[in-house]
Amino acid sequence: MTCGGCAAKVKNLLSGVKGVNDVVIDLEKGEAEVEMSGHVGTEILKGALAEYPKYGLSEVVVPGVAASVPATVAGSEVMAVPEVVEGWWVTYKPILLLFGYITLVALVGASSGESFDAKVAMRIFMSGFFLSFSFFKLLDLRAFAESYAMYDIVARRWGGWGYVYSFIELGLGIAFAIGFSPLYTNLVTLVVMSVSIVGVLQSVLNKRKIKCACLGAVFNLPMSTVTIIEDALMIGMSGVGLIMGL
């Protein structure tokens, strides 16, 4: 489990169980360490998450401890929060549909004149991309910033970057929509997306199983080559835009 919003929800539900003193969630490992004043059965903890069925609990197997006995470390029961495994289409359906809609609007808009205008299509696509992606981030800005800080090279050093980044995307979306200074708009896009893709590449190459924050905390999208393609596409398009504007 890697979503900051989901982690907070799970922690709140487990903390409400009688006998639970504290809950510490490790997002990278997908584990929750539950500190108890007395033993609380696994089924009771599972029941606490009944209203939030997206995640469940399973006991971590500790060497030397029988599987039927809850693993206990220093008075704390260690529980695993397993990743929900879904099909490829189900996992990436939100972002694929979004790209499909943006592409359709861009093609229609670029075909409204006497001939197809590739430059207009690219500008509309980039505007739709940034406006849509910033919209989902702004739905839960704090959760996005927390998730983004897990892999972005700037956000890891300064937590406020996630908040700033969301509004930069919004600004770029508006700039592309109104055709504001194409040279500077594409330059800013190239720089921002180039910095962003570094953390994505590091996470994918290191095979870290974390959530991609590209659509904020709304959808549970894993970090993968799809994220790399998404960022690389915007870098490429902004590069082309710069060349065309020179």
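Reader: What is the volume of the second largest cavity?
Author: The model is predicted, with local features needing pLDDT of at least 70, side-chain atom pairs counting only at pLDDT 80 or more, and totals for chains, interfaces and linings using all residues. Residues are numbered from 1 along each chain as its sequence is written, and side-chain values use heavy atoms, without hydrogens and water. A cavity is a set of points on a 1 Å grid over the protein atoms alone where a 1.4 Å probe fits but cannot get out, and its volume is the space filled by probe spheres set on points joined across faces, edges and corners. For the second largest cavity this volume is about 30 Å³.

Reader: Which helix gives the most to the lining of the second largest cavity?
Author: Lining residues have an atom within 4 Å of a point; among them here are Tyr-92, Cys-214 and Glu-230. Helices (H or I, at least four residues) and strands (E, at least two) are DSSP runs, numbered from the N terminus. Two or more residues come from each of helix 3 (88–110), strand 7 (221–222) and helix 8. The most, 3 residues, come from helix 8.

Reader: At roughly what angle do the axes of helix 7 and helix 8 cross?
Author: Axes are lines fitted to C-alpha atoms over the stretch in contact, and angles run from 0 to 180 degrees between N-to-C directions. Helix 7 (residues 182–205) and helix 8 (residues 225–245) have axes that come within 8 Å and cross at roughly 155°. Helix 7 is therefore roughly antiparallel to helix 8, a term for angles over 145 degrees. The crossing angle is roughly 155°.

Note on methods:
Parallel < 35°, antiparallel > 145°, perpendicular 65-115°, else oblique. 1 Å grid on protein atoms, 1.4 Å probe; cavity = no way out; pocket = protein on both sides within 12 Å on 5 of 7 lines; lining within 4 Å.
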